[in-house]
Amino acid sequence: MTFLDKTNVAALVTLFLMVMAIRFGGLDQGGQVMVLVLAVVAIVIAKRGLFHLAKGNKAYKSRDIRQRPVYVSEYQKALKAGVGYKTSVILGSILIQAGEADAGRRALEKVLSNRLIKDETLLAQAKTALSMAYYQEGDYDKAVELCEAVMAGKYRDNNLYINLGTYYLAQKRKKRFIELMNECSQVLAKVNSPALVDLVVVAQMLDGRWKEADRMYQALFEKTTFHFPDPYAHWAQVKMHYGLADEAIKLLEDSLENSNFMAVSVIPEETVTELIALLKDPATQRAIMLGNNKDPLALINRGVPKPLYDETAVFADPAELDTPLQIEMEDDGIEEEDEREMNTDLDEADEAWVRSHKDS
């Protein structure tokens with residue numbers, strides 16, 4: 001369902017008044033031309049959000065981190081000028097991911113506070129996106145509350161499971177997290193979001209299925225290069241479980257090279273850098289890997305594991321990783337998009353909308 005925002009209303013009212021003035025205003029030809037000119041100017045002003053949207057979309061689609069200030073600025077201007085409600089949800093999510101939580105929150109709360117909007121899908125997506133702002137603030141209870149409110153309805157998508165799963169981990173609710181990941185594998189027709197697949201493997205790891213997790217990551221990394229840090233760090237945790245420090249270091253270094261660290265990245269760049277240093281230092285290498293085994297949630301929740309100095313502790317036998325583990329993977333099981341929290345790409349209809357106006 002399409003809703004009329006203030007810019008669309010302004011454009012329609014202007015068009016109506018223009019027609020009425022020409023039809024019943026008794027204007028001569030010069031007067032009619034003037035009305036047309038004024039009407040066109042008014043419509044262009046009313047629809048200026050489209051122009052900012054087009055500029056922002058071009059910068060965002062470049063996937064160039066240096067373009068982040070450009071699309072952040074243009075998207076905020078687009079929201080201020082006025083865009084459709086669906087687009088407001090998309091842009092609100094993008095702004096939160098880019099670190100502009102206040103601007104993103106305002107856009108999403110505007111949608112949620114509009115009682116004329118009855119589209120349950122749109123409202124569910126807005127709540128799911130808004131939860132990210134509370135997660136950034138460390139208010140995990142509110143973030144969970146928003147997502148669980150969506151779960152109480154019929155709407156389900158990758159982003160809902162990704163967000164809620166991440167928040168359960170932040171609350172250290174390991175059992176509920178594993179249950180949620182098992183549920184999503186049953187509910188969703190295809191789990192093909194890289195972030196969600198990563199969390200499904202994390203659930204295997206936390207459930208003690210380390211060998212299966214290692215093989216899953218091997219299959220995943222053969223299919224794609226991830227551009228967010230979590231899968232690298234999580235696979236490094238598996239390697240540390242087996243005492244394979246060099247392999248863990250290599251994965252973490254690959255993370256620094258390939259990842260775009262965003263405001264909503266669960267594992268920050270500083271954590272990855274510190275962990276590499278601890279693993280490279282002979283004095284702390286063994287202790288940090290044992291600490292990871294004792295508390296795997298530490299790194300999962302963006303922290304560095306506390307070193308555990310225990311001379312009697314042993315690592316799992318890496319020889320078991322040489323035993324083949326059969327894993328069925330669909331050829332198209334992983335898409336190349338690597339967004340962590342929300343699919344923020346404009347769909348074909350949105351793209352056509354932008355293209356039709358950007359040269360106007």
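Predicted model: local features only at pLDDT ≥ 70, side-chain atom pairs only at ≥ 80, totals over all residues.

Trainee: How many aromatic pairs does a search of the whole structure find?

Mentor: The search finds 11 aromatic pairs. A pair of aromatic rings is described by two quantities, the distance of the centres and the angle of the planes. For Tyr-60 and Tyr-71 the centres are 5.1 Å apart and the planes stand at 90°, so this pair is edge-to-face. Tyr-60 belongs to helix H3 (residues 48–61) and Tyr-71 to helix H4 (residues 68–81), so that the pair links distant parts of the chain, 11 residues apart.

Trainee: Which kind of aromatic pair do Tyr-60 and Tyr-75 form?

Mentor: Tyr-60 and Tyr-75 form a tilted pair, with 6.4 Å from centre to centre and 55° between the planes. Because Tyr-60 lies in helix H3 and Tyr-75 in helix H4, this pair ties together parts that are 15 residues apart in sequence.

Trainee: Are Tyr-60 and Tyr-75 buried or exposed?

Mentor: Tyr-60 counts as buried at 7% relative accessibility, and Tyr-75 is buried as well, with a relative accessible area of 1%. Tyr-71 is likewise buried.

Trainee: Which residues form one aromatic cluster?

Mentor: Tyr-217, Phe-221, Phe-226, Phe-228, Tyr-232 and Trp-235 form one such cluster. As for the setting, the protein has 18 helices and 0 strands, and buried residues make up 51% of its 360 residues.

How values were computed
Residues numbered from 1 in each chain as written. Heavy atoms only, no water. Helix = DSSP H or I, 4+ residues; strand = E, 2+ residues; numbered from the N terminus. Buried < 20%, exposed > 50% of the residue type's maximum accessible area, 1.4 Å probe, protein only. Phe/Tyr/Trp six-rings, centres within 6.5 Å; stacked < 30°, edge-to-face > 60°.
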